[in-house]
Amino acid sequence: MGLCKIWRDKLKGRRRARNTAQVRKRWECLLIRANLSISMLTGRESLIRLIGKRRRFLPNSQYLFPSHSTSYSNSLKKENGEVPSCSDKGPSEHGMDILGNGEAGASGDMVCDSGWVDCPVCGNRLRATDYNINSHLDTCLSRGTKRKLTQRTLLELMFSSRSKDKIHSDESSNLESNSTRRNLEGSPLCNTSTLPQFDATEDNRRNQFLLPLDLPSNRETCIAVLEENLTKEGIFDNKVDEPPPPPFVCNLKMHQLTMGTFKDDISGATLETYIVGRRFSDEVELKQGASIFLSRDPNNPKDPNAIKVVSMDSERGKMLGFLPRALAQYLSPLIEKYCVNFEGTVMSLPKHSFDAVPIQIVCQEMMPHNEKEYNDWQCFQSLWESVVRVVEYTKKFPPNMTRYQQNFSIIIHEVLNSNSHLFLDDERLFLESFTSLSDDSQRLLVRLYTRKGPWFRISNISYAEILDCQEAIKGLCVAGYIYSLESMKEMNAKVIEEVLDMLTVSELQEISSLTHLKLQKGVRCTKKQDFMAWILASYKDAMCPSLPSLILDRTGTCIRITSTAEFLLWRVERLFFLDGQKDLSAFLLVDLGIVKYPAYTCITVNQIFPGRSELLAYEEAIEVAQIMDQSLDENITKVVMRCIEISEAHISSSRDEVTQSSKSAGTFLSRYTALWVYSKVVTLGISFLEHEHKYQDAIRLLKLLLSAVTCDGRRGYWTLRLSVDLEHVGCVCESLLVAEEGLLDPWVRSGSKMSLQRRVLRLGKPPRRWKTPSFADSVKRKINEVHILGRPLNCETGMKNRYYGEDGKQCGVEQLVLQYYAGDGGGWQGVHAESGIWMMIFGLLMWDVIFADVPDVFRTRFQTAPLDLQTDNFYIARKNLIESHLEKIQDGMAEEILITSWESHIGTACRGVNWDRHSLSDLRAAVTCIGGHCLASFCRHLAQDYRSWSSGMPDLLLWRFCGEYAGEAKLVEVKGPRDRLSEQQRAWLLLLMDCGFNTEVCKVSPDP
């Protein structure tokens, strides 16, 4: 009996353990599904693309989330290492200095930002804008506390943190600094028109950036020296020379700068350049002042334009190196064709024998002007102008720079040239001081900026191209780019957690053993994050007071990029690329030849951000978007709701302004406004609220978006969701009315319009509506269907169906249908590409139209499409060009255009074009069989509304030849046993039928 009891207990224990494991597994599955549903919210992916790389420093989070700052900073501090400590003070009173440690430096005074005021109700600090003041007062007065002031007093109160005398004195100082600022401004690199003059006095006073700039104690000296150097280099002059494009973007068409005067005889002209390629020289040792001359090297295997630098002092004329490739490209034809000779001297010696050597060369003789024909003279003039531009460019970006160092300098230089009105004087001088840093300091800063961070051990910093890391760190500290952590007195809880992340698991175990920390019973630490959480919890409970010293003993001195430097560099990067997903790696991909960007002309007429206030509002909106995204990851519902509230309030306050400027609201430039970003946050918030079944809140937000954003392609989605949500809450009549009004909206298109039409037909039955809509017959049109049988490998819900093909091998449902059409279905050839092959056909056929010279649509060197491609402006701005091009396609020239475009641009990046996925032979066959009429109609629809029609195309494109030069094509949408057509797919099929395409739906059923 005892033995049976023992076995019975064991069986019970096993069953209990099995049940516990099943419950745990079930809960894990539920959590996974919940996380997947959150990640699949409508608008989430679009918002992630807009945000790009998450920033570690969010300067506005303290005043945007005052009531949630504690929970938010605790849960997200790994992503945002610079969240200030919780306080009732505004950012200006935190005394955040250029060291970025959240406290005023020892030698720096706190700088009060004129853009901040005191709330008369609660005393908190807030930004001095109408929107912030009004929304904050509404919040304060609705808390249920006693009002300290009457409503009349609030209305009559002057919200100001300074006296009038102080304001007048600041205005005079702003005028003085503004005069310097105007002197520093130059024309943009790729600008064909003069930038408008901005009155920065009012703009700077009312829109001061939240983060005060406090340079080190020698700030005035640094600025004075910098201004003196800039004056010597001619940057304060009225004439601004446009540097040529660097070698890695030599295929970019840039508007050339017209030179004021050109000398007929360049004899005696002096050029300052460098000797490169020293490792290939015959002479290692050089002497300062050594005489040199230039000699062509046409047989050079690396560069047919190569020019050797030869020593005149040696008997045999030893080769010292070469001229830079960019200069040799234009100087070599001058030497060969026009008999131009150059001699010169070595100006100085580099630190290392293989570094670039500064030289000065002088033109000795040239062919007389009267012996050259006029056309040759024009060519000569163009070549010499290019030589001068390359020389000027080399002065700013010498060959000694590493490639990534040069790229970083280019970004700063171009942004400051083209967007100087968006920076304060202190910010601009701070960024310009980067060029005055030593090469080692510049390289180290770029290295640290591109790493994860935020803290770095000095003992672990080692790069082959940085010769003296200690001096580089010292230079960056003096300039205010990095901050060093040397004493435990500078460590608070946030810093401790950030520095702990640098330690290895073994170091964390060592600290725990030295402090005699013991885990609670049943708690195990196997991961680094578990150790960190355990040690931090012990430190907060005062069980480990010596933790800061133990950490510093193992890490040594640590450094990090200051908050000011990090934010300004982020702004520069954002303004340069205009895309949060691109960063310095874009240069690397070009340098390595992995990506080749197309050739186009940058013509700048209008600024992306007309003034600083628009930029600051846009940056604040991006910050709210990032916090929204992070909060969804961390499942912090309160912060998510706070982001929605902020965005809703901003859209509400901007409604009148949008109504007045509705004419420009639909242009592509509106995508770089705060309203656009907030509308994306609210769109994602609506999806989140619907997921939480909070339909009333979602309805309120949808009505707000539809009333505030009048010209936007997303109005179709908003109208559809509003109609659906109204039906959810039982307001069927209002839902029907919304759907009917949405069909009259010109911005409701494609799949959304089809969905609304079907809703009207479903909801608009008697007695609600007695008249049948005119579009009823069009919507109810039947699409030809084909049914086939397949042997399924799996039939589980939520998994992609797998089948046995006709050859007995496993395949997807699309491959199974391709096999059917190739055999019993009629001998068709084809591909499974959905929208991919169609986007590629459109890109190749319309290449010259896409990259045509249109103002404002090309802003950077790293674009694969114009900025207005997904807007109505694309067709409107190129209507004549598009229609003339479509006539050629309709007349049967599509295959010729396709072949020419393929051969001319193969390998060049273009949106929608995937060179590796489809072969030229398949594309030629498809274009020939589709026919000119159908192709022209298809391209016209995409040109008119690329955003709506670039997705949802049928799965298969099939073709077969009916002779040598004639054929037919068919488009097939494939559906499995449990699949059905989406509204976008149905809209595409009906549209293609109207354009003359042969379309059908193939439904696959399991073979019984």
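How many helices and strands does the secondary structure of the protein chain come to? The answer is 40 helices and 18 strands, and the model you are looking at is a predicted one.

**The chain as a whole**
- The protein chain has 1008 residues, and buried residues make up 50% of them.
- Its accessible surface comes to about 49400 Å², with carbon and sulfur atoms accounting for 50% of that area.
- If you take the contacts between residues at least 6 apart in sequence, 71% of them join residues at least 24 apart.

**The sheet of 7 strands**
- This open sheet runs in the order β14-β13-β12-β18-β17-β16-β15, and its pairing is mixed.
- At the edges stand β14 (810-812) and β15 (829-832); each has a single partner strand, so one side of each is left without a neighbour in the sheet.
- From one strand to the next, the twist averages 40°.
- Helix α32 (residues 813-822) packs on this sheet, where it touches β12 (785-792), β13 (802-804), β14, β15, β16, β17 (967-975) and β18 (999-1006). The direction of α32 makes about 95° with that of β14.
- The partner of β15 is worth a look: β15 pairs with β16 (residues 956-961) in the antiparallel sense, over 4 bridges. Within this pair, V831 stands opposite L957 in β16.

**The sheet of 3 strands**
- Here the order is β9-β11-β10, in an open sheet with antiparallel pairing.
- The edges belong to β9 (456-457) and β10 (482-485), each with a single partner strand, so one side of each has no neighbour in the sheet.
- Helix α14 (residues 439-449) packs on the sheet and touches β9, β10 and β11; the direction of α14 makes about 80° with that of β11.
- Strands β10 and β11 (residues 558-561) pair in the antiparallel sense over 4 bridges, and I482 stands opposite I561 in β11.

- In soluble globular proteins, nonpolar side chains tend to be buried together.
- The largest nonpolar core of this model holds 181 residues, of which Y481, W838, L845, M846 and F938 touch the most other members.
- Helix α26 (residues 674-691) gives the most to this core, contributing 11 residues.

**S409 and its helix**
- S409 lies in helix α12 (residues 403-418).
- Helix α12 has 16 residues and reaches 22 Å from its first C-alpha to its last, close to the 22 Å expected at 1.5 Å a residue.
- Is S409 buried or exposed? S409 is buried, because its relative accessible area is 4%, and buried means under 20%.

Notes: Residues numbered from 1 in each chain as written. Predicted model: local features only at pLDDT ≥ 70, side-chain atom pairs only at ≥ 80, totals over all residues. Heavy atoms only, no water. Helix = DSSP H or I, 4+ residues; strand = E, 2+ residues; numbered from the N terminus. Buried < 20%, exposed > 50% of the residue type's maximum accessible area, 1.4 Å probe, protein only. Expected span 1.5 Å × (residues − 1). Contact = heavy atoms within 4.5 Å. Areas by Shrake-Rupley, 256 points an atom, 1.4 Å probe, with all protein chains shown as cover. Pairing = 2+ DSSP bridges. Axes fitted to C-alpha atoms, helices over the stretch in contact; angles between N-to-C directions. Core = buried A, V, L, I, M, F, W, Y, C linked by side-chain atoms within 4.5 Å.
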